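Okay, thanks for coming, everyone.

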Amino acid sequence: MLDVRRLRLLRELALRGTIAAVAEALAFTPSAVSQQLSALEREAGVPLLERTGRRVALTPAGQRLVPHAEAVLERLELAAAELVDARQGLAGPLRIGTFPTAARAILPAALVALADRHPRLEPMLSEVDPAAVADALRAGELDVALVHDYDFVPSLAEPGLATEPLCAEAMYLASLTPPAATPAGARRPTGARAGVAGPGGAPACEGDAGSGLARWRDATWITATPGTLCHAMTIRACQAAGFAPRVRHQVDEFATVLALVAAGQGVALVPQLGLVHPPPQVTLAPMAMSRRTRIAFRSGAGRHPAVAAVVAALRAVVAEDAPDGHGGPRGPLTLDDAGRTVAL
């Protein structure tokens, strides 16, 4: 009989590539991981790993075993979800990962709703870069998380994970352009409803993103730090418009980005939920781009009552109206109506 815990280690090795990385992710020592994988080989009766010096690789038999490990782990998540129904209500810790703008604009109201409906549930919120969510979920460090992607930076498939679509929001070009030179369609942030992407993540505003950005080819730019989705989004959007942005500043916090724009330090692309207290001199031009937010969890965990409760609370907040609350463009972050679980 193949040990499930050892199958999980094999799956992680297939994903992470080295025993050291598996050990670090799952809080084992490298020697313990090696011992457990050797035990799995004895259980399987065939070699699963090829060792060349200090490196290991999966044999063809090991590679064929990985999809079965994925299926077993998914069935265990389903079993755990069904067992919860036998208890008296939801209780205990629930670890939620999120990115900063969603933590400010969406999560507080969702946590209030969870406390009202499930007072014994103990949600524990952590800010996690979307790029690190997959590993954290697979390692059991998170139970559910909010992740996002952009039109120019689609998410990649992640084994063992699934998502529920949540919402999409508009993207804006923030600049210090005087009103007389403001591009058509640009506007100051007001309390009026801003365009928000509808079902399926359709762009929230009319026009072509490329033509909207092309006039800024000679400007200096403010982007997020390299390695983030936000940084890749700006670079690829500008490339699609036919130029490489001349980056001066690299900042992750959108409030700081807007302050730098107000100081005449450059232009930037900012999502709707990132428009925190936009300075009065900053002009915001809607772009034909959107950022999409999804709820991620381990495959099979979507039926877990605690995960389902979080999904319901988040979708209720978005459906009611998730204003930024700080003077920026606002409106209902329309639910992404696909409604089905999709690969992350």
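Let's start at threonine 98, which sits in strand S3; strands here are DSSP E runs of at least two residues, helices are H or I runs of at least four, and both are numbered from the N terminus. Setting aside neighbours within four places in sequence, threonine 98 is in contact with Ala103, Leu107, Leu125, Ser126, Glu127, Val128 and Leu146, where contact means heavy atoms within 4.5 Å. Is threonine 98 buried or exposed? Buried, with a relative accessible area of 0%. On that scale, buried is under 20% relative accessible area, exposed is over 50%, and partly exposed is in between, using a 1.4 Å probe and protein chains only.

Quick housekeeping. This is a predicted model, so local features need pLDDT of at least 70 and side-chain atom pairs count only at pLDDT 80 or more, while totals for chains, interfaces and linings use all residues. Residues are numbered from 1 along each chain as its sequence is written, and side-chain values use heavy atoms, with hydrogens and water left out.

Now the overall picture. The protein has 11 helices and 11 strands, and 51% of its 344 residues count as buried. Take the contacts between residues at least 6 apart in sequence: 79% of them join residues at least 24 apart.

On to the cores. A nonpolar core here is a set of buried Ala, Val, Leu, Ile, Met, Phe, Trp, Tyr and Cys residues joined through side-chain atoms within 4.5 Å. The largest one has 37 residues, and Leu173, Leu213, Trp221, Leu269 and Val270 touch the most other members. At least two residues of this core come from each of S6 (161-175), S7 (220-223), H9, H10, S9 (268-271) and S10 (283-298). Which element gives the most to this core? That's H10, with 6 residues. There's also a second, separate core of 30 residues, including Ile96, Ile106, Cys167 and Leu273.

Skipping residues within four places in sequence, valine 270 is in contact with Ala170, Met171, Tyr172, Ala174, Phe254, Val257, Leu258 and Leu275.

Just after H10, glycine 264 takes a positive phi of about 75°.

Next to S7. Thr220 and Ile222 point one way, Trp221 and Thr223 the other, and all are buried. S7 pairs with S8 (residues 246-250) in the parallel sense over 4 bridges, where pairing requires that DSSP finds at least two bridges between the strands. Within that pairing, tryptophan 221 has valine 247 as its bridge partner.

Rolling a probe the size of a water molecule over the atoms shows where empty space is left. Everything is done on a 1 Å grid over the protein atoms alone: a cavity is a set of points where a 1.4 Å probe fits but cannot get out, a pocket is an open set with protein on both sides within 12 Å along at least five of seven lines, and lining residues have an atom within 4 Å of a point. Grid points are joined across faces, edges and corners, and a volume is the space filled by probe spheres set on the points.

The largest pocket holds about 520 Å³. It has 28 lining residues, with Glu77, Ala80, Asp143, Arg298 and Ala301 the closest to its centre. H4 gives the most to that lining, with 7 residues. By class, the lining has 14 nonpolar, 4 polar and 10 charged residues; Ala, Val, Leu, Ile, Met, Phe, Trp, Tyr, Cys and Pro count as nonpolar, Asp, Glu, Lys and Arg as charged, and the others, Gly among them, as polar.

The second largest pocket has about 390 Å³. Pro100, Thr101, Asp252, Glu253 and Phe254 lie nearest its centre, out of 18 lining residues.
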